[in-house]
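Biologist: Could you walk me through how to read a few features of a structure like this one?

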Amino acid sequence: LGSLMLLTLVYTIFSDGLPFRSDLLTPWMAATLVDFCINVVPIAAWVFYKESNWISAALWIVLLICFGSVTTCGYILLQLMKLSTKE
């Protein structure tokens with residue numbers, strides 16, 4: 001899923017350009033950004049809880065804010081790989 005989202009972002013940037021244009025500032029864009037922010041807060045709280053030090057947690061949270069679901073998928077994958085066979 002993370003790779004799919006990354007490919008979608010790269011394709012969109014190359015085909016339509018960066019999203020920082022006034023013609024994209026519509027009510028739907030505002031709703032999407034609010035939705036994103038609401039989703040990032042509980043994920044960031046979970047990352048802060050799971051990480052052993054605050055520097056690592058802060059780095060992951062910055063990546064979550066900057067790269068969204070790509071980072072979320074990467075973090076989940078890394079956490080799954082840390083599980084023991086009994087877990």
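Biologist: Is cysteine 66 buried or exposed?

Modeller: Buried means under 20% relative accessible area, exposed over 50%, and partly exposed in between, with a 1.4 Å probe and protein chains only. Cysteine 66 has a relative accessible area of 52%, so it is exposed. Cysteine 73, at 24% relative accessibility, counts as partly exposed. Keep in mind that this is a predicted model: local features need pLDDT of at least 70, side-chain atom pairs count only at pLDDT 80 or more, and totals for chains, interfaces and linings use all residues. Residues are numbered from 1 along each chain as its sequence is written, and side-chain values use heavy atoms, leaving out hydrogens and water.

Biologist: How many disulfides does a search of the whole structure find?

Modeller: A disulfide is a pair of cysteine sulfur atoms within 2.5 Å. The search finds 0. For cysteine 66, the closest cysteine sulfur is in cysteine 37, 12 Å away, so it is too far for a bond. For cysteine 73, the closest is in cysteine 66, 16 Å away, again too far.

Biologist: At what angle do the axes of helix α1 and helix α4 cross?

Modeller: Helices are DSSP runs (H or I, at least four residues), numbered from the N terminus. Axes are lines fitted to C-alpha atoms over the stretch in contact, with angles from 0 to 180 degrees between N-to-C directions. Here α1 (residues 2-16) and α4 (residues 69-82) come within 8 Å and cross at roughly 160°. That makes α1 roughly antiparallel to α4, a label for angles over 145 degrees.

Biologist: Which residues meet there?

Modeller: Contact means heavy atoms within 4.5 Å. Gly2, Met5, Leu6 and Leu9 in α1 meet Ser69, Val70 and Cys73 in α4.

Notes. Helix = DSSP H or I, 4+ residues; strand = E, 2+ residues; numbered from the N terminus. Parallel < 35°, antiparallel > 145°, perpendicular 65-115°, else oblique.
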